[in-house]
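Here are my notes for you on the pockets in this one. Have the 3D view open while you read, and take the points one at a time.

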Amino acid sequence: MKREIERLLLGALEGARRRGLLAWETGTAVEVEVPREEKHGDYASNIALVLASRLKERPRRIAEIVRDCLDDPGRILDRVEIAGPGFLNFFIRESYWSERLGVVEEEGDDYGSCDLGRGKKIQVEFVSANPTGPLHIGHARGAVVGDVIARCLAAAGYEVQREYYINDAGNQMANLGRSVYYRYLQAAGRDVSLPENCYQGDYIKDLAAALLKRDGTVHLDRPEEEVIPLFSDYAGGEILAGIKEDLRAFGVVFDRYFSEKELYRDDTVGKLLAELEERGFIYREDGTRWFRTTAFGDEKDRVVVRQNGEPTYFAADIAYHRNKFQRGFDEVIDIWGADHHGYIARMQAGIQALGYPKEALRVVLVQLVNLLRDGRPVAMSTRAGEFVTLREVVDEVGRDAARYNFLMRRSDSHLDFDLEVAKRQSNDNPVYYVQYAHARIASILRTAAQKGFTVPAFRETPRHLLTLPEEIALIKAILHYPEIVEGAARALEPHRLTFFLNDLAAVFHSYYNKHKVVSEDAELTKARLFLVAAVRQVLRNALGILGVSTPDQM
RNA sequence: GCCCCCGUAGCUCAGCAGGAUAGAGCACCGGAUUCCUAAUCCGGGUGCCGCGCGUUCGAAUCGCGCCGGGGGCACCA
């Protein structure tokens, strides 16, 4: 709908230019927005105000010229008003709204999709937690945000790949192996205590016990350096399997798990460093090698090879990101915890040094979650092994409520997640509000079926009967939906969908309370059945992007 | 010390690439159910949009400075 207005406006500007009325240059961005106030029309444009200063002409005068040049063969508009300092307010002909409703039927499950990303390959990398322990509540938010961003992009026409990066080459995995090894010794009756910095938590003991059961005591008297890799591999593998399972239960599935080790297999990192050095981006100092990230706006240069000859995490990460681009992605999106924000500048410097534009990497920061129970903070410490796992949250509050709650705020703002509130099946909990709208429609359709009504095809729908203010409001909401999806994909802001859903459900609930869909009037019933079926379709499509279910009964 | 994010109603937060009288949910008060599920609806809001200056026809939105909160400034990942 917005597109159509933009097209009309563009046509008018073009016409005015051709007739010599307006020295408008092709290529000027034309903006159309939905005004806050209803009396300012269904759509509004500030084009006259924007052009005014450039053309040195009164804005209202420009607005008049534009309005006079409007050509509306499809009779979309009822009228165009010029208001305030020179806004053009477009009022859609009321019956036109319901005429457009047919698109929902035509497009069905695809309604809301667009071709913003057509022909573009995009990758979303998220979660990427080291397999040193089960995913906890902090990972849950990033998991949902990444997942839903991926779904939004898919709806926007991108070819999307979801990837999980496993940092399994560093010393954290060795540390994990050592932790399990010592627990294994203890389980076998040896009197040893856990070295410093070891992972605590019962899952370590469980892994040790499982290994003892599987292999017996064969590892007991072998040198530590020899057996620890074995313990690392075993523990990492088991934990990763658990992570995958927990994610699946949460509705998050990856296309690929990428192991950091892959980057060392063919000395990818070494070759990359040599190449960068050749191009002059790397210099040596005090036995280390530095990447000149300041050349691309970073605040200081960064070490890529340590004094001991080991490449840093950053070095591997540049190699990893180049690997992504080499796989043919036009754009790469990383979902990071907000504590990693300082890393963005150097990462973007890295990809620029490789010849990719800065914009090719977009980073979405996800803020911490404050976990509460009945308003009181839940204490957590990963190191001490005290944390609420993702699995526990999903089991306790349910997948739908958990996902929805994580999507109710911008991802870069702090989020309070109260287990009791999320679990409560009341109006504290917006997910049920929206799902209830879906269930109610299902209920209406059941009642209708009992009385012999089915949802009519659009061309058999007496849509001219949909004239109530609540009906027009519903139709408008339905027709705005594609704009919401596109905006969410463009800005990588999935929370826009939850806000839209709350609004749509509110309009529907209000309508439901005031008017009967199924009545004695067969024609009216048909029209309203089509309308609520369209609402149901939008609820399904939008909740589908959020990965939240659409129950027919509650 | 330097850098990033945040500061909007009692609470939690929206406010889409500056726009016309700043919104929602919660909480609180009152009301609605012979009728498609009351997990619903209807009514009730006097907010220095942290403060100041600037850019602009126009600033919650952009810039600069300050105040307050959080995070980051590794040859850790």
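1. Let's begin with the second largest pocket and what sort of residues make up its lining. They split into 18 nonpolar, five polar and 18 charged. Keep in mind that you're looking at a predicted model.

2. How big is the second largest pocket in volume? It comes to about 1,400 Å³. Its lining has 41 residues, and the ones closest to the centre are Val34, Lys476, Leu479, His480 and Glu483.

3. Now see which elements line that second pocket. Those giving two or more residues are α1 (2–18), α4 (94–100), α5 (102–107), α18 (469–491) and α19 (495–514). Which of them gives the most? That's α18, with 13 residues.

4. On to the largest pocket, which has a volume of about 1,600 Å³. You'll find 48 residues in its lining. To find the centre on screen, pick out Ser128, Ala129, Asn130, His139 and His340, which lie nearest to it.

5. For the largest pocket, the elements that supply two or more lining residues are α6 (137–155), α7 (171–187), α12 (313–326) and β11 (331–337). Here α6 gives the most, with five residues.

Technical notes. Residues are numbered from 1 along each chain as its sequence is written. Chains are lettered from A and ligands numbered from 1 in the order in which they are written. This is a predicted model: local features need pLDDT of at least 70, side-chain atom pairs count only at pLDDT 80 or more; totals for chains, interfaces and linings use all residues. Side-chain values use heavy atoms; hydrogens and water are left out. On a 1 Å grid over the protein atoms alone, a cavity is a set of points where a 1.4 Å probe fits but cannot get out, and a pocket is an open set with protein on both sides within 12 Å along at least five of seven lines; lining residues have an atom within 4 Å of a point. Grid points are joined across faces, edges and corners, and a volume is the space filled by probe spheres set on the points. Helices (H or I, at least four residues) and strands (E, at least two) are DSSP runs, numbered from the N terminus. Ala, Val, Leu, Ile, Met, Phe, Trp, Tyr, Cys and Pro count as nonpolar, Asp, Glu, Lys and Arg as charged, and the others, Gly among them, as polar.
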